[in-house]
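Subject: Structure handover

Hello,

Please find the structure below. Have a look at it first, then read the notes under it.

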Amino acid sequence: MARLAVIGSTGSIGRQTLEVVRALPNRLQVVALAAGNNIELLQEQALEFRPLYLYAERGEKELYHALGEAGLSCNWARPEEMATAPEVDLVMVATAGGAGLLPTMAALKARKVVALANKEVLVMAGHLVNAALSHGGEVRPVDSEHSAIWQCLWGEAPDKISRLILTASGGPFRDRPLHELAKVTPQEALAHPTWQMGPKVTVDSATLINKGFECLEARWLFQVPLERIHVVMHKESIVHSLVEFCDGSVKAQLSMPDMRLPIQLALTYPERLTGVSLPPLDLAQVGCLHFGPVDWERYPCLALALEAGKKGGTYPAVLAAADEVAVQMFLEGHIGFTDIRYILEEVLEAHEGVPEPDLGQVLEAEAWAKAWAMAWVRSKG
Ligand SMILES: NC(=O)c1ccc[n+]([C@@H]2O[C@H](COP(=O)([O-])OP(=O)(O)OC[C@H]3O[C@@H](n4cnc5c(N)ncnc54)[C@H](OP(=O)(O)O)[C@@H]3O)[C@@H](O)[C@H]2O)c1
């Protein structure tokens, strides 16, 4: 029985994590839940799973009161505290943006296993996460692309990898004429053709910066230099990623697009269990799988992420933080879709990077970039 903390339990990955727990009641037990604003759902989850620890970024008092009336008392703990609690073995980090950084670092220092969905954590501070692994903790990938690569590498020697190839669906605007992109609405950006995800990662999929973030993540997870990490467009999201080995052999992992599969694997590794019931992949019915090169003119944010990764230091943290603000501002209607790219380009130009930053310097760079991006938005409004 693994005792689980779910940080970001009310989001897309968090809710699917709890579905996996429901399907495997003899293997997984929820002992901590943390969320942001959605206290109605957090309350429901708390009443169902009866965790020892609970956290909500806002609405703490109302939640305490409501749970008390229902006869449930939980200990209030910040995510980075619950991630280190002695009753916790496994921490699912399912927040978006920079919110997962402190819980991940704390969990690894406390030698916990981290199932890492929050991709910005490795983007912002991959070198620190790697260093924290020396305490004896473990990181298991949750993102479908990294889970695919992870699975392809089981039983393989790391020095035999020649390339990692990440697949990208291209998001909702892959066929939209370029001149129309400035006018697309948040509703259109949120209509992803293959995945149902939270708003931040869905917009990141539309700009394709998410694939750049995933390349940076892959570099830290699998210790492969960025030059040997490639992206190929694949609109069906069935081949989740591929690994090419030194003899030219290529392994891929395929399944229908459903995040419950990589989530379950990260929670039950090294075992593969039946667990949640997933739609089977019927290739005869799918018929055709399509692959193609990246259209760099359509997706300038992918190039920006790779550039920030090559520069290293605080540049990736600055890019991730500015993107968090830019996406939020786009969703709230303050800027256009293509402004996201201009904010990111300009924040990278304005930043004076710190090489090999410590955690304090990463957090400082994050705060600087968020303030810089907000100032950019205000200057246009
Ligand atoms: N969704 C997917 O299919 C998918 C696939 C691959 C990778 N990912 C990655 O997984 C991460 C999560 O994605 P998502 O789609 O699940 O995002 P999401 O739906 O926006 O969920 C984010 C979660 O974080 C919570 N949260 C926000 N601030 C918090 C804080 N300070 N402390 C604790 N919890 C906080 C939110 O709470 P409230 O809702 O209560 O405010 C929500 O539960 C992202 O990094 C994304 O890139 C997602």
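This is a predicted model: local features need pLDDT of at least 70, side-chain atom pairs count only at pLDDT 80 or more; totals for chains, interfaces and linings use all residues.

Residues are numbered from 1 along each chain as its sequence is written, and side-chain values use heavy atoms, with hydrogens and water left out.

The sheet

Helices (H or I, at least four residues) and strands (E, at least two) are DSSP runs, numbered from the N terminus. Two strands count as paired if DSSP finds at least two bridges between them. Seven strands make up an open sheet with parallel pairing, in the order β4-β3-β2-β1-β5-β6-β7. β4 (75-76) and β7 (138-141) are at the edges with a single partner strand each, so one side of each has no neighbour in the sheet.

Strand β5 (residues 90-93) pairs in parallel with strand β6 (residues 113-116) over four bridges, and V91 stands opposite V114 in β6. β6 also runs parallel to β7, joined to it by four bridges. From β6 the chain passes through helix α6 (residues 120-132) to β7 in a right-handed β-α-β crossover (with the strands pointing away from the viewer, the path from the first strand over the helix to the second runs clockwise).

Two residues

Q151 is in helix α7 (residues 144-153). Its relative accessible area is 11%, so Q151 is buried (under 20%; exposed is over 50% and partly exposed in between, with a 1.4 Å probe and protein chains only). The Q151 side chain makes a polar contact of 2.9 Å with the side chain of R272 (a pair of N or O atoms within 3.5 Å; within protein, one must be able to donate a hydrogen and the other to accept it, and residues adjacent in sequence count only if both atoms are side-chain atoms).

L226 lies in the loop between α10 (209-222) and β9 (229-233). L226 is buried too, at a relative accessible area of 8%. Its C-alpha atom is 37 Å from that of P86, 140 residues away along the chain.

The ligand

A backbone N or O atom of N37 is 2.8 Å from a ligand oxygen atom. A polar side-chain atom of E120 lies 3.0 Å from an oxygen atom of the ligand.

Regards
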